[in-house]
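Please consult the sequence and the structure shown below while reading.

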Amino acid sequence: MSDFYFNDFPSSSSATWKQKIQFELKGADYNQTLLTKTIEGITIKPFYHIDSFEKLDIPTINSQIKICEKIVIDSDKEANLKALKAINNGASSLKFISTKSFNITTVFEKLINKNIDFHLQLSFLDEDFINELICKLKNESVFYNIDIIGNLAKTGNWFNSLNSDFKSIEKLIEKNPTNYILSVNSNTYQNGGANIVQQVAYSLAHANEYLLKFGSDVASKIQFNFATGGNFFFEIAKIRAFRHLFNLILEKYNTSSVATIFSEPTYRNKTKLDLKTNIIRATTENFSAILGGTNTISAFSFNELYNLKTELSENVSKNQLLVLKEKLQIKNQNEISNNSYFIESLTVQIAEKALEIFKDIENSGGFLKQLKEGTIQRKIIENAKKEQFLYNSEELVLTDIYKNKKNTTTKPSNIKNQYKTLISPILAKRIHQD
Amino acid sequence: MIRKDFSDLKIEIQSNKISCYEHENYIAGVPPFLRGNSSTMYLQTPIKSKFIIENNSPTSGNSIIKEKIKLGYNAFTLKFNSKNNNSGILLNSIDDMISLLKDISLDEILFTFNTNNENTIPIIAFFICASKELGFKKELLKFAIQINSENFTNRNTLLNFLKHTINQLPNFESISFSASNYSINGNLQNSLSNYFTTTSSFIQNCISEGIKIDTIASKISFSFELDNNYFYNIAILKASRFLWAKMISEFQPKDQISNALQINIINSKSYLSTLTAILGGAQSIETTIDNSFFIEKETYITKTVDPLGGSSEIEKFTEEIILKTWKEVINKQKNDSFNQINEQVVISNENLLELAIGAAKKRIKLDEIFKLISIKI
């Protein structure tokens, strides 16, 4: 039937498209004018057409995406009130961030039995405390996000010691095999300046250390924490490429799994100049994560950046949640990315490049070894420097800075490693240090 | 556990697209323009942001325009107050128009006039006249008008305007017909098919008046308001370009570009609607917050044409909208009452715009000019 509608116009090919462009360029160089090379070494072409279609099989989730609000626990009571407020504002997931143990009953008062996902981000490793949490939250969906290798990468030290850290995890997993004890905090690499291909490769190699140590059963019980950057379609492809590759390496362990992914907006491109632009950045980044098929998206905590007054901070986070919730009206988010020539092609390219890096890391003894030797840190710094150079030479633009250019100067970073570390840590660094 | 050997791991690339629609074989820059009006889209021509001026006196409107020009805007939508509508710039005479436009390089700015349909000619008259008094010839003026296609009552005046002046105003951009907001009236096919039947019959009228299809087709554009059904909206824009190309091809234009539908997104209130407009391949967007610079510089979205091309969901919607809407266009065109409206058009030989300009020069007020024209129709 549809012939009747579509036979007025002849179908056409990539070759014709390119010819047409070249004709219209009137002698200008096609490559220079229309190809965009990204920091990953991937080239964005001016068009992608069905006749050069390529794709990978991507395992996808079908559950509703959760919206997470982060809550830093200073006072237990206050944290609980903030959590209740966040749920009221539409959060379906909460992340508690704490540097010390807290009163579990107070913090979780009236929060349980509400179909809320809980995430923990603890900067210490205390087996007893984790066991107590597991016991009190036994009917809840909880992600403990313990990442001993990630902690080493981020801080330069083990929580306690190599042996004790691994022993603790081993015992926790043994006792609680159905819980999400482990995480791979890939956001450390993103915020430190790794590009998308590196992030995918490092996340895989990082996870492989856990598979090696704790066995293939943990594969489906790891949460992957990604930070999402500003390159909209690449970030969509990042999640897809990662899911494909994770399953690919799991073949070697005779198992398979759809990776559980938690996405948060990156810290790297945010500035102190313009809150509105930052909100738009975070919105775009969360939108990418949704289309990439993440499990959870998270509001950006502007408090860290701005020292916002409580009221404004609450409004910002409330509005963010509202916008995010509105975006979840999107049905079939996986089907939107699925088969898009551009996204599928990016997914293939990112996967190909990341797999190469992963293999290199494995060949040279694995992620932990490369981390101890400083290879991973060096590679990340190399990429971060490249990005900084692009920023300084205005090829990479942060628009709020661009518009306010006359009033701002970039100060060199003065983050110094102030404590003694085993290895050099991967520090988060914003591109525009203001 | 012993470290595994991954060296033989390979990714398996598939090259067959399982769900594939017939319209996926088209490319951008040639009819039916489904994937975009130009072969390189935003890589070479960024989307145009039109800043909306409304709810202002002419004087304060003027200072906002000047302020926004400094920020880089070169296009404005001017919403004028009218009887059915209490918002908008209050404008009664040529002197109000002069207050609104003074100290602006009128030849460098694109103005889109949005008013109730019957005030269109007097407003254009004020614009041409005021510009002349400010030192700008009408040949240099870039402007467009917006017409509501649901309530299209001034067909005769518009035809008269086109017939008499289309050759004297080389920079007149377009008449932008708006489709009604379907999320309010609830039926997209009805809203879109009204747009296509109205514009099609209007083009027929123009041709009857001796205007060539290639002259008129490029002077008609599509104003559309997006809602938050983002991906469905992208499909609407793609489908609309196809439907336009199909409709125009029946008039057998000589110039391919006549088959390209210019899309103007109106009343954009959020960042995500700007994003949707760009993903859908629109030419311009009316907004009070311009995020297109951000999108262009930070997201890489504009580095490839129709980046979501191929998407299972969007291509499915696109085909669905094309098939259903075209069917309804055919039904409406078969309908007798529709044909009657077409036959009743008789156009005055008098140049109504000239008449209105004459009156505007004499400082005659808008209401009076409107009456003056109405008698002549």
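**Interface of chains A and B**

Across the interface of chain B and chain A, 5 salt bridges are found. The model is predicted, and every value given here is computed from it.

**Polar and charged contacts**

- A salt bridge joins the side chains of Glu209(A) and Arg3(B), with an N to O distance of 2.8 Å.
- Between chain B and chain A, 32 residue pairs are in polar contact, both residues of each pair being at pLDDT 80 or more.

**Elements and composition on the chain B side**

- Helix 8 (230–249), helix 9, helix 10 (292–298) and helix 11 (312–334) of chain B are the elements that each give two or more residues to the side touching chain A.
- Helix 11 of chain B provides the largest share of that side, with 9 residues.
- Sorted by class, the side of chain B that touches chain A has 33 nonpolar, 21 polar and 18 charged residues.

**Extent of the contact**

- Chain B brings 72 residues to the contact, and chain A brings 85 residues.
- About 6900 Å² of area is buried between chain B and chain A, and carbon and sulfur atoms give 65% of this area.

**Helix 9 of chain B**

- Helix 9 of chain B spans residues 271–280 and is mostly covered, with 10 of its 10 residues buried.
- The buried residues of helix 9 include Tyr271(B), Leu275(B), Ile278(B) and Gly280(B).

Terms used: Residues numbered from 1 in each chain as written. Chains lettered and ligands numbered in written order. Predicted model: local features only at pLDDT ≥ 70, side-chain atom pairs only at ≥ 80, totals over all residues. Heavy atoms only, no water. Buried < 20%, exposed > 50% of the residue type's maximum accessible area, 1.4 Å probe, protein only. Helix = DSSP H or I, 4+ residues; strand = E, 2+ residues; numbered from the N terminus. Contact = heavy atoms within 4.5 Å. Buried area = accessible area lost by both parts, 1.4 Å probe. Salt bridge = Lys/Arg side-chain N within 4 Å of Asp/Glu carboxyl O. Polar contact = N/O pair within 3.5 Å; in protein donor to acceptor, adjacent residues only side chain to side chain. Nonpolar A, V, L, I, M, F, W, Y, C, P; charged D, E, K, R; others polar.
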